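Please read it alongside the sequence and the model.

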Amino acid sequence: MENKIKVDLERVIGTIDSRVYSGFIEHLGRCIYGGIYDEGSALSDEHGYRKDVMEAMRALKPPILRWPGGNFVSGYHWTDGIGPVEQRPRRMELAWHAEESNRFGTDEFLRYCELMHIEPYICVNAGSGTMDEAQAWVEYCNGTGNTYWANLRRQNGHPEPYHVTYWGLGNEMYGAWQVGALNAEDYAKKAAAFAKVMKLTDPSIKLVSCGESGVADWDRVVIEQLARFVDFHSIHIYTGDNDYYRNVFAPHQAERALRICQATIEQVRYQQQIEQPIYVAYDEWNVWFRTGQEQGDGLEERYTLSDALAVATYLNIFLRQCNSVRLANLAQMVNVIAPIYTSEQGMFLQTIYHPLRLYANYMYGDALDVHVSSETHNFPAAKNSPRWTHDVTDLGPFKLLDASAAYDAATKTLAVAVINRDQEQAHATSLQFADASIIQGINVYTVNASTVDAINSFEENNVSVQEQRLDVGGASFSYTFPAHSFTLLRMHVR
Ligand code: AHR
């Protein structure tokens, strides 16, 4: 069959919210200590922030950074991490069986965000933490009055409020692994109490309720109980599998979850006559299946080309579902299931870094409803991934080509992102444009390697971005997408 990708500039799905390119850092393994923060290292600035990491992160343009966890936050008392560093207590860290020195705390995080021009997103401790602690945290960060916590911030070197807008009401509170895990009803009661005092402290903040997968009963109960208090409902879904096709198609799980979760939100808004919009914050997502707490490996997942194709598939989904997912945080940014990998001497970029950078830099404006016709792939039999319980086989057969498109009307720039998930075959494809004529040729960015298992390391850089210029114009052209590749086509149109 002939593969076809049709793009019509008038078929707008919605505006791409750049907040879907946001990140997440947790006190886990070498994400903060040895990743973001390394006091005394020749690679760090005067504050202790690793400069090479800052540069690599800047190119990913994350608008928002979520912190300090993750599972870590459910046993974290933020007051341990402020004031003179030598006086901060060293604590047992129960989530990841570690010790927390507290050298990096609220002021170190918020100063980092200021330097990077990134908006902070703080998740509060709804496990061992109290409503008073959550209230005090908002007051410490945002308080403007002559009050205890605001004054303590001034005393600690920050006279002006930090204006932290985004606050999460706990992390994965449904999970048996979580310190202080609760059932949905008990969580909702606790979170509503937190929400109230946090909003009373600063009515301008935006709150995120703690969801599960978007399709669980937990999500329904929490949305019903908390919709009146929140601006976002969070979901977490990770995917990943040793089987190539399962790995690259598993992200379609997220597409279903976003649709179902937003429908639940709309039902509750309708029933409860809630005027303010509520969107999905997909505040932990990534490929993750090789590493884990049990392995004691600090979750230092080493990513392959196959994973980069899965990550690109996730990003296409976020663009297609741009009316529901308005915030998404890649978990995580450095060393821990991350695109940036450091040692004491340097760093390298993992495979997944490349699609992330290309989307954040080129996929903005309006998301367009792309028509794709391509051959499909069907799984031989339903089989769950060994790492994750969810299954995607019922969502198939899957098109081997997956595409999204972004049109920036201000600069008349069109970008089309195409993943060829076929492990064996290149696919000759006819690209056809309605309401648009290409001028001045096309920039083509390709992420590919000789095998789907290719990885990057300190020694070899097997997966990166190849750039070329293609001399085509008009309203259609043919392009052959290589086997197991990601391609971003960028063009000016009239
Ligand atoms: O990102 C790693 C962990 O995954 C986070 O701590 C937790 O929220 C999730 O289970």
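Which residues in α9 meet which residues in α10? A308, V311, A312, L315 and N316 of α9 meet P355, L356 and Y359 of α10, where contact means heavy atoms within 4.5 Å.

This is a predicted model, in which local features need pLDDT of at least 70, side-chain atom pairs count only at pLDDT 80 or more, and totals for chains, interfaces and linings use all residues. Residues are numbered from 1 along each chain as its sequence is written, and side-chain values use heavy atoms, with hydrogens and water left out.

**Overall form**

- The protein has ten helices and 25 strands; helices (H or I, at least four residues) and strands (E, at least two) are DSSP runs numbered from the N terminus.
- Its radius of gyration is 23 Å, close to the 23 Å that the globule rule gives for 494 residues, so the protein is as compact as a globular protein of that length. The radius is taken over C-alpha atoms, and the rule is 2.2 Å times the number of residues to the power 0.38.
- Along the principal axes, the C-alpha atoms fill a box of roughly 65 × 55 × 45 Å.
- Of the 494 residues, 62% are buried (under 20% relative accessible area; exposed is over 50%, partly exposed in between; 1.4 Å probe, protein chains only).
- Among contacts with a separation of 6 or more, 76% join residues 24 or more positions apart.

**Helices α9 and α10**

- Helix α9 (residues 305–320) and helix α10 (residues 353–362) pack with axes 8 Å apart, at an angle of about 25°. Axes are lines fitted to C-alpha atoms, for helices over the stretch in contact, and angles run from 0 to 180 degrees between N-to-C directions.
- The two helices, α9 and α10, are therefore roughly parallel (angles under 35 degrees; over 145 is roughly antiparallel, 65 to 115 roughly perpendicular and the rest oblique).
- By class, the α9 contact with α10 has seven nonpolar, one polar and no charged residues (nonpolar: Ala, Val, Leu, Ile, Met, Phe, Trp, Tyr, Cys and Pro; charged: Asp, Glu, Lys and Arg; polar: the others, Gly among them).

**Helices α2 and α3**

- The axes of α2 (residues 106–116) and α3 (residues 131–142) come within 12 Å and cross at roughly 45°, so α2 and α3 are oblique to each other.
- T106, D107 and L110 of α2 make the contact with W137, Y140 and C141 of α3.
- That contact of α2 with α3 comprises four nonpolar, one polar and one charged residues.

**Residue S204**

- S204 lies in the loop between α5 (184–201) and β9 (206–209).
- S204 is exposed, at a relative accessible area of 52%.
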